[in-house]
Amino acid sequence: MSEVMRRAALIQPGQLLEAELDREAGRYVYEIRIHDTAGRIHELELDATSGALIESSSDD
């Protein structure tokens, strides 16, 4: 999990709000919510095994 959190911080710097491990379509993914310095909330979905970004969205 620590490697995935480091990757998430590189993709979207900010304060970690929540991290959840889920199983989707036969693989484990982390759903991560980050609050950036501009006040936006970003949601990242990363593959739990490789740390690869699957999906990203924000509330702007």
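Setting aside residues up to four places away in sequence, Asp47 touches Val4, Arg27, Tyr28, Val29, Ala52 and Ile54, where contact denotes heavy atoms within 4.5 Å. The model is predicted, so local features need pLDDT of at least 70 and side-chain atom pairs count only at pLDDT 80 or more, whereas totals for chains, interfaces and linings use all residues. Residues are numbered from 1 along each chain as its sequence is written, and side-chain values use heavy atoms, with hydrogens and water left out.

**Asp47**

- Asp47 belongs to strand 3; strands (E, at least two residues) and helices (H or I, at least four residues) are DSSP runs, numbered from the N terminus.
- With a relative accessibility of 12%, Asp47 counts as buried, given that buried means under 20% relative accessible area, exposed means over 50%, and partly exposed lies in between (1.4 Å probe, protein chains only).
- The backbone nitrogen of Ser50 is reached by the side chain of Asp47 at 2.8 Å.

**Sheet and helix packing**

- Four strands form an open sheet in the order 1-2-3-4, with antiparallel pairing; two strands pair if DSSP finds at least two bridges between them.
- From one strand to the next, the twist averages 15 degrees; axes are lines fitted to C-alpha atoms, for helices over the stretch in contact, and angles run from 0 to 180 degrees between N-to-C directions.
- Strand 3 and strand 4 run antiparallel and are joined by five bridges.
- Opposite Leu44 stands Ser56, in strand 4.
- Helix 1 packs on the sheet and touches strand 1, strand 2, strand 3 and strand 4. The direction of helix 1 makes about 135 degrees with that of strand 3.

- Glu3, Arg6 and Arg7 are linked in a network of salt bridges.
- The side chains of Arg7 and Glu3 form a salt bridge at 3.5 Å, N to O. Arg7 and Glu3 are four residues apart in helix 1 and therefore separated by about one helical turn.
- Arg6 is partly exposed, with a relative accessible area of 47%; Glu3 is partly exposed at 40%, and Arg7 is partly exposed at 36%.

**Salt bridge between strands**

- Arg33 and Glu43 meet through their side chains in a salt bridge at 3.8 Å, N to O.
- Arg33 lies in strand 2 (residues 27–35) and Glu43 in strand 3 (residues 41–47), so this pair ties together parts that are 10 residues apart in sequence.
- Arg33 is partly exposed, at a relative accessible area of 30%, and Glu43 is partly exposed at 41%.

Conventions: A salt bridge is a side-chain nitrogen of Lys or Arg within 4 Å of a carboxyl oxygen of Asp or Glu. A polar contact is a pair of N or O atoms within 3.5 Å; within protein, one must be able to donate a hydrogen and the other to accept it, and residues adjacent in sequence count only if both atoms are side-chain atoms.
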